[in-house]
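Hi there,

Here is the structure I promised to pass on to you. Have a look at it first, and then read on for my notes.

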Amino acid sequence: MNRRHLNVLALTGFLLAGGLQARAAAENDVFALMNLRIIPVSGKDIPSGIILIRGARIAEVGADVAVPPGAEVIDGTGLTAYPGMIDCHSYLGMLEISNVAATVDYQETGLTNPQIKAVEGLRPDSVHIPIARAHGITAAHIIPEGAFVAGRTGLIRLTGWTPDEMVIRDEVAMHMVFPSHPGFLFMQMVGKTQPAEKAVSQIKDYLKRVRLYGERKRMAADRPGSVPHEYDESCEEMLPVVEGRLPVMLSVHSEEDIRAAIDLVKEENLKAIFFGVSEGWKVADDLKKAGIPVILGNLYSAYHDFDDGYDRHWRAPAVLQEAGVLFALGTQKMLPPLGKDLPFFAAKAVAFGLDRRAALRAVTLNAAEILGVDDLMGSLEPGKLANIVLADGDPFEFKTKIKAVFIDGKKVDLNNLYTDKIKQFQKRFR
Amino acid sequence: MSEKTYRLILSVFLILAPVSAGAQDLFIKDGTLLTVTNGTIAEGDILIRDGRIAVVGSDLKAPSGVRVIDASGRFVMPGLIDSHTHIALTDTNELGAVVTSEVNVRDMVNGEDRRLFNVLTGGVTLIHTMHGSANPIGGQNILMKPKWGRAAEEMIFSAGPGSLKFALGENPKQAIFYPAKARYPKSRMGVKAIIRRELIRAREYMLLWDRYHASVETGESDPRPMPPRRDLRLEPLADLLRGKTWAHVHAYRADEMLEFLDLAREFHFRIGSFEHASEAFKIAKELAAAEVGITCFMENWSYKMETAEGIANNAAFCARHGVTVALNSDLGPQMMFLFNQAGKALRYGGLPEEEALKLVTLNSARILGVDDRLGSLEVGKDGDIAIFNRHPLSAYTRCEITIIEGVVYFDRDAYLETQRREEEKRRKEKKKKDDGKRPGRPAGPMGGGR
C-alpha cells in the first residue's frame, strides 16, 4: 500500500465519520430535560417537570410531557431550570484587554456616528464569552460607545463560530448619549458642563437636519433633478429613527436631564429606552407615566451622590420596581470581567430591597421585552428559543453551580479560560 | 520591688489598658458568631471591654451599664480588612524619582476622605493604605482603622511590622507611556536591576551602622567614632533587611514573582505579600513553600497584558495549595463589599466557607503581621466586628453594623433614619423655594430650574 492509497483510505474514513456525525445530529434534534424544578418566569413554577426541546425551540414545558421515542434524555434530578439570562448592556466580544487599544473595539471617535454597528466590532473568539455563558447568560445586548450619536446596538447569542452565527439582531436601537458633557466620550457623572436646555437643542437641531435630509431625499426620488441630494451618512443612517422604525437608547443620568429627555422624546415622537438613569429613582413616577422602559447599568459602581446615600445605587432598582417602571439590568463593564456578574448584580439589588422574582424578571423577560425579542426569549415557554440554564440552586447565589446551559437548543461547552488554566496547572502540581 | 514583680504588674496593666483612645465596652448578644478560628457559635455573645474582646460564648449576661447590641437573627464576624488600598491619602505616588523608599504615606493622611465612611458600610475595620506602583521601590505604607469622625492621627494603627512598597512589571516600567517617556527602567530587566542595586547599597549601609553601634557599645574606639551619615532613602531598606519591615510587592506574572522570591532569599528579607499576583496559581507550591502570602482580586483581570491570565479561580486554587490568600479592593467599588468577593470563592474554586471568610479577615491580618491583634473573634483581640443581616458569604447579604474597638461607627438603621430626616428637610426647603417662584409653571427644561 503506497502513500496515495493511505490518503484515499484516510479521506474515506474522514467522510464516513462526518456522515455518522450528521446522522447523530438528526436523531439528537429532540432533547427531554427531565425531573427538573422549572422557573418559567412567565408563569407559575413547576415543582417537578419536563422541558422538551425540538431543534432550536422549546416544544413543551410542563409537569406531564410526553417524551417522544428517540429523544435524548437528560436527567435533571436536583436541578432547577431557568430561562437563559440576557445582559442588556454589554461589550462582550468587543474588547479583550481594556488598556490594550488594539483589542478595544466598542468605542468610535466623532460626535455623530449613526452608521456604526456594534455587531461589526464583534470578535467571536473572545475569552470573555465562554466565561459569561458559564454563569447562565445566553444573550447580550452589545453597545457601541461614542460622544453623542454612537451607533446601532446589536443582540448576540453567546455561542457561534462566526459573527453571522452569533448575531440575533444586527440592530436593536440607536445609542444616543444625552450630550450634557459635549466632547467627552461618554460620562456617567451627574455633574454637568452643559445645561439640559442646550443638550436638548443639540438633539433637536440634529433631528431637524435629518428630517430635512429625508424630505430632500424623497423629493429627489419623486422628481429626479429637482433638488440636490447626496448621500450623507450622518443623516441617512439616522432616518430609521426619525421615521419610527428604530428606537433610540438614550444614555441619560441626572434628574434634570431625565426630565428634559422625557419631554424631548414625546415632542420628537421617538420610541425610546433610557439607559443608566443614575438619578432615575428621583423621577421614577415621571418615567412610569411616560411609559419609558429603562436599562440599568453597572450596579456595583453606578454613580450616586454621597449625600444621597452610600447605597443609593443599590436601592434604585427597588424604587423603580415600586413605581412600576419596566426595567432590565446590564453589566456595563469596560474593565473585565465582562458580563458574568449579571446574576450577582441582581442579587445586590435584592439585598437592598428588590423583590427576588422582580430581579429574575429584570434579567430575563423584562430584558427580552425591552429589546423587542420577547417572542424569542426571556422565559421558558413553548415556541421560544431553547435558552435554558440548569443550576443546582439559585443562580444568583455564589455557592450555586451552573450545571448546563442550552442556547438555541444546543448544550454549550461550559469550559472557559478559568477552567482551562486551572486544569493546566493542576497537572503541574500533581 | 523585684524585676519580676515589676514586669508582672506592667503586663497586667497593659492587658487591662484600653487599646486606644475612644475604645469602649460593648455587649453583642444572640448572634450567629463566625469566629473564623473556632468555628460557628449559634446564639453567641461577645463582651468587649475597653476595646478588646474579653469574652466569647453563649448565654452570657450583659454587665450593667454596658451598651447592648441585639444580634439575634444576624451574623457576627471579625471586622473585614482591606489589605491593599489608597484611600485616605491626598496623594498616592511620588513620581519625581524612581526609588523613593524615604517617603511615607503617613505624611499624606486625610481623615476626611468620604471613602473611609464607605468602607465602614462594608464592614471594613482596618485598611492597609499604600504608596502606588509607579516606582520599583515606592514608599512606606500604613495601617488605619476607619474611625470616621475622628482625627486622622487617631485612625493610624501602629501595630505590626513596617510595610514597604515594591512594584514589578508594567507599572514601574511605565509601559503605557512607552515610547513617549524615557525613564529608566523601561523593561522588567531594569526594574529588577534597580531593586537589586538598592538592596546592595542598603546592605552596605546597614553593615556600616551595625559596626558603628557595635563599636559604641564596646567603647573600644578612642576618640568615639563618628556616626555614618544618615540616608533616609536607605534606612527603610535597611529596616527591611533587619526584619523590622516587610516587603509588599506589586506583581502580576509568575516569573517576576519567582525572581523576587530569589531576591528575598539572597538578601534575607521577608515578603509580607505579593499584591495582585494574578498568576500566583501557576507557582502556588513555590509561594506556599516560601511562606509568602498574596493579596489579590477575586475577579478583576484582563485590564493589561500582565493580567491576561488572571483567572478568578486564582484565590481558591492558591488557598487550597497552602498559600495565605487575602483579598483587596485597590480603590475599586469592592471596597464596600469585600465580603461579596470572599463569597465568590465559593463559585470560583469551591473554597470551603471557613476558608473563604479568612480571605478578608485572618489571612489579611497574617500578611500584615497583625494576626495577634486582628482577624478572628478571639479573647484578647481588638473588638473590631462586622454584623450582617444574612450570612456574609451570601450574595443577598448586607452589612448592618460596623464596630471598631467597641465603638459603633456604622449602624444602618440609624443611618437610614438620618437620611430620611435630611431628605425631608431638603424636600421642604425645595418646596419653599419652588412655591416662591412663578406659580403654575411646571418644572422642565424651559421652565427654568427645577
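Before the notes, one definition: two residues are in contact when they have heavy atoms within 4.5 Å. Please also keep in mind that this is a predicted model.

With that in hand, let's start with chain B. Among its contacts between residues at least 6 apart in sequence, 69% join residues at least 24 apart. The secondary structure of chain B comes to 12 helices and 17 strands, and its C-alpha trace spans about 85 × 70 × 50 Å along the principal axes. For 450 residues, a compact globule would have a radius of gyration near 22 Å, and the 25 Å of chain B agrees with that. Buried residues make up 55% of chain B. The chain exposes about 19,500 Å², with 52% of that area supplied by carbon and sulfur atoms. As for charge, chain B has 62 positive and 59 negative charges, and their mean positions are 6 Å apart.

Now chain A. You will find 13 helices and 18 strands there, in a box of roughly 75 × 60 × 50 Å for the C-alpha atoms. In chain A, 57% of the residues are buried, and residues 24 or more positions apart account for 67% of the contacts with a separation of 6 or more.

Next, the interior. In soluble globular proteins, nonpolar side chains tend to be buried together. Here the largest nonpolar core has 224 residues, and Phe274(A) and Phe274(B) touch the most other members. Helix α4 of chain B (residues 188-218) gives this core its largest share, nine residues. A second, separate core has 17 residues, including Phe31(A), Ile74(A), Leu390(A) and Ala404(A). If you zoom in on Phe274(A), you will see that its contacts beyond four places in sequence include Leu250(A), Val252(A), Ile258(A), Leu287(A) and Pro293(A).

A glycine in chain B is also worth a look. Gly406(B) sits in the loop between β16 (399-404) and β17 (407-411). Is Gly406(B) buried or exposed? Its relative accessible area is 1%, under the 20% cut-off, so Gly406(B) counts as buried. In sequence Gly406(B) and Asp25(B) are 381 residues apart, yet their C-alpha atoms are 5.5 Å apart in space. Besides Asp25(B), Gly406(B) is in contact with residues including Gln24(B), Leu26(B), Ile48(B) and Gly383(B).

Last, some backbone details. Most residues other than glycine have a negative phi, and most peptide bonds are trans. Where are the exceptions I noted? A cis peptide bond joins Pro336(A) and Pro337(A), with omega about 10°; Pro337(A) lies in the loop between β15 (327-329) and α10 (342-351) of chain A. Another cis bond joins Tyr184(B) and Pro185(B), with omega about 20°, and Pro185(B) is found in the loop between β10 (162-167) and α4 of chain B.

Val41(A) has a positive phi of about 75° although it is not a glycine. Val41(A) is in the loop between β1 (30-38) and β2 (46-54) of chain A, and it counts as buried at 13% relative accessibility. His276(B), also not a glycine, has a positive phi of about 80°. His276(B) belongs to strand β12 (residues 271-276) of chain B and is buried, with a relative accessible area of 3%.

Best wishes

Methods: Residues numbered from 1 in each chain as written. Chains lettered and ligands numbered in written order. Heavy atoms only, no water. Helix = DSSP H or I, 4+ residues; strand = E, 2+ residues; numbered from the N terminus. Rg over C-alpha atoms; globule rule 2.2 N^0.38 Å. Buried < 20%, exposed > 50% of the residue type's maximum accessible area, 1.4 Å probe, protein only. Areas by Shrake-Rupley, 256 points an atom, 1.4 Å probe, with all protein chains shown as cover. Lys, Arg positive; Asp, Glu negative; His and termini not counted. Charge placed at Lys NZ, Arg CZ, Asp CG, Glu CD. Core = buried A, V, L, I, M, F, W, Y, C linked by side-chain atoms within 4.5 Å.
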